[in-house]
Amino acid sequence: MALPYDRQYNFSAGPGCIPVPVLEQARDEMLNHGGDGMSVMEMSHRGKAYLKIAEEAEESVRTLMGVPPEYKVLFLQGGASLQFTMLAMNFLRGKTADYVVTGSWGEKAIATAKYEGAANLLWSGKAGGYTEAPDLGGLSRTAGASYLHVTTNETIQGVDYLEDPKVSGTVICDMSSCIASRPFDVTRYEMLYAGAQKNLGPSGACLVLLHEDMLERAAEGLPPMLDYKVQVENGWMYNTPPCYSVYVIGLVCKHWTAFGGLGAVEKMNREKAKVLYDAIDGSGGFYTPHAVTKNRSLMNIPFRLPSDDLTDKFLSSAKAERMHELKGHRSVGGCRASVYNAFPLEGCHALAQFMADFAAKNG
Ligand code: PMP
């Protein structure tokens, strides 16, 4: 069955799919946003029209994610990757911090932080090929560490804690690939950040939620663009912000709030992921999953086939069926289905059916 607008099933790990009603609204507002006489892309970020859009985007993030007033909402540039540096500049300089590394992004986060201070590898899943996440409460933390850094969902390995960390002290979290995929308790984190291009909208903006008390702890004398205090004082508009990306993030958050909020989103995501994990588990070993069962991501589902030749054949046949971007990351190999919030359930059923047919023919 053809998808609306002749679209493909987009299993991309990011940038990923955006809800069709949001794209339709953005299209309808492209030439004249709400009577403002121009597209959002063309507006001055200091003008009344854009400031209203920015305020609404912040509000829609707060509403969807239940962000309390003592947290600042920032939309910064440089992606989640620049946050690896920025958070370390602000909170690690001349100090120590603990990092738990459950996959490739955590590895990058700690490697980057080391430019700024003593980033201590508290736990790593590398030796086991990054298939699981530890019980954070069971780890003995470095005395005096400025913060504990975790990556909730590792996009490449598909390893997710699936719950908020229940630990004391300051927790900073990279939530790039699972933000807004289920309810989460913002107050468990002093800071969390997420590149927009998976569950929130187009690339270009990175959402940062920062507890206001953290500002007092930030290092002094930082370059202004990399100083959270400067970004907060200037309402994340110290320079020209990623205007269009923020506008779409606002629409996406409103869309999921109207859908029923993050509880409803989680229910949908669990159903979608179950279709695919069932396809893997029910294949008699033809497909093998990457992560251990307790840490299976709802967003990124890597799996392997018996050989590279079969993987290549699988990917090209899937493409012919309009299922795109199923190639796994080169560090893990095999395939990976990313099924972010906006990815439709019927796409999971289509892939599951395809997987069963392929295994029957090639197994
Ligand atoms: N962290 C995670 C968990 C990611 O998945 C990614 C991007 N795939 C990043 C960080 C880096 O994000 P960006 O490309 O926005 O810098």
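Which residue just after H2 takes a positive phi? That residue is glycine 66, with a phi of about 60°. The model is a predicted one, in which local features need pLDDT of at least 70, side-chain atom pairs count only at pLDDT 80 or more, and totals for chains, interfaces and linings use all residues. Residues are numbered from 1 along each chain as its sequence is written, and side-chain values use heavy atoms, with hydrogens and water left out.

**Helix H2**

Helix H2 covers residues 48–65, helices being DSSP runs of H or I with at least four residues and strands runs of E with at least two, numbered from the N terminus. The end C-alpha atoms of H2 are 26 Å apart, which agrees with the 26 Å that its 18 residues should span at 1.5 Å a residue, the expected span being 1.5 Å times one less than the number of residues. Among the residues of H2 that are buried are Tyr50, Ile53, Arg62 and Met65, where buried means under 20% relative accessible area with a 1.4 Å probe and protein chains only.

**The ligand**

Of the 13 residues around the ligand, those that come nearest include Asp174, Gln197 and Lys198, a residue being near if one of its heavy atoms lies within 4 Å. Three pairs of polar atoms (N or O, within 3.5 Å) are listed here.

| Side chain | Ligand atom | Distance |
|---|---|---|
| tryptophan 105 | oxygen | 3.4 Å |
| glutamine 197 | oxygen | 2.9 Å |
| lysine 198 | nitrogen | 2.8 Å |

Taken alone the ligand exposes 390 Å², of which the protein buries 85%, as computed by the Shrake-Rupley method with a 1.4 Å probe. Helix H3 (residues 79–91) supplies the largest share of the shell, four residues.

Technical notes: Polar contact = N/O pair within 3.5 Å; in protein donor to acceptor, adjacent residues only side chain to side chain. Buried < 20%, exposed > 50% of the residue type's maximum accessible area, 1.4 Å probe, protein only.
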